[in-house]
Each structure stands twice: as C-alpha cells, then as structure tokens.
Amino acid sequence: MAHEVKGVVAGAKGEPVSVTTVLVPDPGPGEALVTVRACGVCHTDLHYRDGGIGEDFPYLLGHEAAGLVEAVGPDVTGVAPGDFVILNWRAVCGQCRACLRGRPWYCFATHNARQKMTLADGTPLSPALGIGAFAEKTLVAAGQCTKVDPAIKPEVAGLLGCGVMAGLGAALNTAGISRGDSVAVIGCGGVGNAAVLGAALAGARKVIAVDVDDHKLDWARGFGATDTVNSRSADPVEQIRNLTEGNGADVVIEAVGRPETYQQAFYARDLAGTVVLVGVPTPEMRLEVPLIDVFGRGGSLKSSWYGDCLPSRDFPMLVDLHLQGRLPLEKFVSETIALDAVEEAFAKMHRGEVLRSVVVL
C-alpha cells in the first residue's frame with residue numbers, strides 16, 4: 001500500500017520548490033516508515049534545488065529530521081513502531097573494510113531504502129541524502145533511524161541529523177580538541193556555530209569566531225566564542241595570530257567551503273596545528289598552496305564528513321546532554337515553519353537572517 005502525503009519537491013534546477021502529493025510505499029525488508037515531526041532547512045537542500053549536488057530531479061528535499069517510526073519491514077530489529085528517532089544519512093553497513101577495522105564512522109557502503117517514493121503520476125523521486133523528510137512521512141533504511149529519548153523536542157532533535165552534528169563533530173571528533181587548546185572557526189552559520197559550541201564544550205581556552213557578518217558573530221558569542229573577528233574589516237590570519245600570542249590557533253575549523261577561507265585557515269594555525277574542513281565546496285573549486293608550506297608547517301589537514309559521527313553513539317549522548325541543560329541546542333532554532341514556507345526559508349538562510357528554520361509537521 002502507498003501512503004499519500006504532502007512533500008516539498010524540487011522539480012528542476014534552480015526553480016522554486018513546490019508542495020505536492022508524494023506516494024510513500026510500505027516498508028520492505030530492512031526499511032522503516034517514519035512519520036516526520038520536524039525537519040530543519042539545511043544549506044544542502046538548497047544545493048540540491050540549485051543542481052549543485054546532482055541532476056537526478058525531481059528531488060524530495062529535507063534530511064535533518066526527527067519523527068516516529070510508524071512501521072518496519074521484515075528482519076528489522078533495531079527500531080520498532082512507536083520509537084522516537086533522529087534520521088541520519090550515513091547508515092553504516094557493518095561489513096566494509098572501515099567497519100571491520102572498528103571505524104564505522106568512515107563506512108564506505110552506507111545504505112538507503114531500496115524502494116522509491118514517487119509523485120502521484122509514478123515519477124520516481126530522489127530523496128535528499130537518501131532521506132527526503134520535507135514530507136509528512138518518509139521511507140528510509142532502518143539503519144538510518146537512531147532511537148533517542150522522546151523527551152527532547154522534535155524541532156531540536158532533528159538538527160542533530162545534519163548541520164549541528166557536522167559542526168559539533170568537527171570539533172569533538174575530527175579535530176579532537178583538548179582542554180586548553182586555542183581554536184578558530186571560520187564561518188559562523190549553523191555548522192560553524194555548532195563547531196564553536198563543540199570547542200567550548202571540549203574545554204578550549206580560547207574560541208575565536210570569524211565571519212563577515214556581525215549578526216552571526218553575535219550568535220557565536222552566545223555559543224561560547226571568547227573572541228570575534230569580522231574578516232570584512234580585518235585580516236583574519238593576522239587577527240587570529242594576535243589573539244594567540246603571535247602563534248596561530250591549535251585548531252582552525254573552516255566552515256565555509258571556499259578556497260580563500262581554507263587558505264586563511266591553513267595560515268592561521270600554529271605550527272603543527274590542525275585544519276578541519278567541514279564547509280562543503282563545489283566541484284569546480286581549486287586550492288593552490290605552496291607544497292613547501294604544507295611540508296614546513298607540519299600538522300594535520302583533515303576533512304570532516306558529518307562530523308565523523310557514529311549516530312548510534314553520538315545522538316543519544318548529545319540528546320542526554322541537552323536534556324541535562326548542558327548543550328543548548330534550542331538556540332539553533334530561529335523559527336518554526338510549515339511545509340509551504342521552505343522556499344522563503346531558503347531566502348532567509350541566503351540572507352543570513354536565520355541559523356535554522358525548522359519545518360514542524
């Protein structure tokens with residue numbers, strides 16, 4: 001049986017999204033049907049709409065979500081109907097070379113639901129990041145569902161499904177920030193401010209937030225930034241060095257995804273320091289750095305996919321910290337909206353007016 005629901009679809013490259021009827025099949029083997037309670041509007045969804053990720057239109061957008069499991073297919077044991085879950089877009093396989101080496105957060109064979117959701121006329125939809133949660137219900141692989149404490153509000157929980165987890169994980173998992181470290185974060189949107197929060201949570205003694213927008217720098221102070229730099233009016237490399245006894249930061253997290261900001265991160269770190277790229281570049285971007293500088297400065301150059309998180313480990317822990325009042329995830333929710341307001345939410349995000357708009361169903 002197919003479930004007829006409303007969903008937000010990007011029909012063609014660059015065109016405004018629309019709310020339309022989506023048919024969602026009952027779950028097959030290894031799948032779960034989830035009633036979506038909330039889904040954040042992430043920049044990745046805008047990339048999909050604009051053709052920056054692929055050309056497999058039409059897309060069913062939305063991936064930063066939480067909801068209730070409605071039904072599961074045969075052989076599913078990890079979740080059951082009625083479970084409150086956060087959806088994740090990297091369901092680990094348990095069998096690839098990364099999983100077998102005890103590094104499942106690097107899984108090379110993550111999986112999605114096998115069945116397709118469709119438009120009313122049968123046109124198959126491509127779900128964003130294998131989820132497609134700007135809809136009243138969605139079909140995912142059961143491994144994409146992580147059970148968490150239902151006491152957390154859905155509009156807060158869903159943010160761990162992508163952007164906030166990416167930033168927190170870049171700081172806590174990829175960078176491995178330690179007590180007493182100095183940290184700079186370049187780019188203070190949702191992901192960057194989550195990295196600021198992660199650095200503060202890890203015990204960094206100095207957290208320097210860098211952006212071109214004073215409003216976003218104000219947000220960063222609220223998440224634990226000790227210093228801020230507006231790179232529109234000051235050289236961020238020079239300012240970061242000035243704020244770190246002339247040395248540069250131990251860790252610089254680049255949350256923009258552009259060659260020029262990555263170069264700033266590269267030169268703003270201390271000798272043997274760490275750069276973490278969590279901002280997502282586009283395919284045509286190129287980086288040019290003298291190889292002697294890569295050699296001479298030492299340290300580590302890393303990229304962070306999804307904050308190198310393991311959902312089964314990280315989501316419940318972070319939810320517990322939030323419920324204990326130790327992780328203010330609610331500060332990321334700028335507004336709650338309906339399905340038909342996603343296009344305007346994209347515009348607000350582009351203008352830097354919101355950290356997260358969250359669709360609540």
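Me: To begin, which residue in E16 is the bridge partner of Val276?

Reply: Welcome! Keep in mind that this is a predicted model. In E16, Val276 is partnered by Lys302.

Me: What makes E15 and E16 a pair?

Reply: Two strands count as paired if there are at least two bridges between them. Strand E15 (residues 269-277) is joined to E16 by 4 bridges, so the two meet that cut-off. They run parallel. As a general point, strands of a sheet pair through backbone hydrogen bonds, either parallel or antiparallel.

Me: In what order do the strands of the open sheet come?

Reply: The sheet has 6 strands, in the order E13-E12-E11-E14-E15-E16, with parallel pairing. Strand E13 (227-230) and strand E16 (300-303) stand at the edges. Each of these has a single partner strand, so one of its sides has no neighbour in the sheet. From one strand to the next, the twist averages 15°.

Me: Why is Thr118 called buried?

Reply: Buried means under 20% relative accessible area. Thr118 has 16%, so it falls under that limit and counts as buried. This residue lies in strand E7 (residues 118-119). Not counting residues up to four places away in sequence, Thr118 touches Thr21, Val22, Leu23, Thr123, Pro124 and Leu125.

Me: And how do you know whether Gly30 is buried, exposed or partly exposed?

Reply: The same test works here: exposed means over 50%, and partly exposed is the range between that and the 20% limit for buried. Gly30 has a relative accessible area of 36%, so it is partly exposed.

Me: Where does Gly30 lie, and which residues is it in contact with?

Reply: Gly30 is in the loop between strand E2 (18-25) and strand E3 (31-40). Leaving aside neighbours within four places in sequence, Gly30 is in contact with Pro74, Val76, Ala141 and Ala142. Gly14 is 16 residues from Gly30 in sequence, and their C-alpha atoms are 34 Å apart in space.

Me: Which residues of helix H11 are buried, and why do they line one face?

Reply: In H11 (residues 342-350), the buried residues are Val342, Ala345, Phe346 and Met349. Seen down the axis of H11, they fall within an arc of 105°, so they line one face of the helix. They pack against strand E1 (2-10), helix H1 (43-49), strand E17 (335-337) and strand E18 (357-360).

Me: What follows H11?

Reply: Gly352 follows H11, and its phi is positive, near 75°.

How values were computed: Residues numbered from 1 in each chain as written. Predicted model: local features only at pLDDT ≥ 70, side-chain atom pairs only at ≥ 80, totals over all residues. Heavy atoms only, no water. Buried < 20%, exposed > 50% of the residue type's maximum accessible area, 1.4 Å probe, protein only. Arc of directions from axis to C-beta. Contact = heavy atoms within 4.5 Å. Axes fitted to C-alpha atoms, helices over the stretch in contact; angles between N-to-C directions.
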